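Subject: Structure handover

Hi,

Here is the structure I promised to pass on. Please open it next to this email, and then read my notes below.

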Amino acid sequence: MPQVYTIPMLHFIIYGLLGWCLEIIWTGVGSLLDGDVCLTARTYLWMFPIYGLVIVFEPLHDIIRYWPAWRRGTVWMLLYFAVEYLTGWLLSVVLGTVPWDYSLAALNIHGLIRLDYAPAWFAAGLLFEKVHDRLDHVRIYQ
């Protein structure tokens, strides 16, 4: 009987890459809305491991998967705000700066998070759930 393995590092990498892609789309669309027809988009190398941290929420997803979507999305939104705030704070302590600076935006908290991004984090959480479910079906047999 073959042993079955999941690949946590693969999950981390996929979450990191997906986060980068989502951020590029988000900032590109934002630049279009600001009148930039070139769709200039940006992200930061720091964001890859930050988005990769979604892996630590997989066990929670397994626990809350049968809750209504509005409740799960709210949980993800709050957790993602917490991660964004904490990683931003940590980067500011270590680097003396934060790659993203929301201090000029309305509804910001210490320039580290923007409360008007709540719907985006809500949706991202539900999207990452779908990715987690797909990744749970990826197996290596040995």
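Which residues does W26 touch, not counting residues up to four places away in sequence? They are Y117 and A120. Touching, or contact, means heavy atoms within 4.5 Å.

Some ground rules come next. This is a predicted model, where local features need pLDDT of at least 70 and side-chain atom pairs count only at pLDDT 80 or more, while totals for chains, interfaces and linings use all residues. Residues are numbered from 1 along each chain as its sequence is written, and side-chain values use heavy atoms, with hydrogens and water left out.

**Overall layout**

The protein chain has 5 helices and 4 strands. Both are DSSP runs numbered from the N terminus: helices are H or I with at least four residues, strands are E with at least two. Along the sequence the pattern reads β-α-α-α-α-β-β-α-β. The C-alpha atoms fill a box of roughly 60 × 35 × 30 Å, taken along the principal axes. The chain has 142 residues, and 34% of them count as buried. Buried means under 20% relative accessible area, exposed means over 50%, and partly exposed lies in between (1.4 Å probe, protein chains only). Now take contacts between residues at least 6 apart in sequence: 67% of these join residues at least 24 apart.

**The core**

The largest nonpolar core has 27 residues. Such a core is a set of buried Ala, Val, Leu, Ile, Met, Phe, Trp, Tyr and Cys residues joined through side-chain atoms within 4.5 Å. Those with the most contacts inside this one are Y15, I50, Y80, F81, W100, W121 and F128. Three helices, α2 (47–52), α4 (69–95) and α5 (118–135), each supply at least two residues of this core. Look at I50 in particular. Leaving aside its neighbours within four places in sequence, I50 is in contact with V83, T87, L91 and W100.

Next, find α1 and α5. They pack at an angle of about 145 degrees, and their axes are 11 Å apart. Axes are lines fitted to C-alpha atoms, for helices over the stretch in contact, and angles run from 0 to 180 degrees between N-to-C directions. From α1, the contact uses H11, I14, Y15, L18, G19, L22 and W26. From α5, it uses A120, L127, F128, V131, H132 and L135.

W26 is found in helix α1. At 44% relative accessibility, W26 counts as partly exposed. W26 and V131 are 105 residues apart in sequence, and their C-alpha atoms are 19 Å apart in space.

**Charges**

How many salt bridges does a search of the whole structure find? It finds 4. A salt bridge is a side-chain nitrogen of Lys or Arg within 4 Å of a carboxyl oxygen of Asp or Glu.

- D62 and R65 meet at 2.8 Å, N to O. D62 is partly exposed at 39%, and R65 is partly exposed at 24%.
- D133 and R65 meet at 2.9 Å, N to O. This pair links distant parts of the chain: D133 is in helix α5, R65 is in the loop between α3 (58–64) and α4, and they are 68 residues apart.
- R72 and E129 meet at 2.7 Å, N to O. R72 lies in helix α4 and E129 in helix α5, so the pair ties together parts that are 57 residues apart in sequence. R72 is buried at 12%, and E129 is buried at 6%.

Salt bridges that share partners join D62, R65 and D133 into one network.

E23 has another story. E23 lies in helix α1 (residues 8–33). E23 is buried yet has no salt bridge. The nearest side chain of opposite charge, R42, is 7.4 Å away. Here Lys and Arg count as positive and Asp and Glu as negative; His and the chain ends are not counted. Not counting residues up to four places away in sequence, E23 touches R42, T43, Y44, M47 and Y51.

Most residues other than glycine have a negative phi. L39 has a positive phi, near 55 degrees. L39 is found in the loop between α1 and α2. H110 also has a positive phi, near 55 degrees. H110 is found in the loop between β2 (108–109) and β3 (113–114), and is exposed at 63% relative accessible area.

Best wishes
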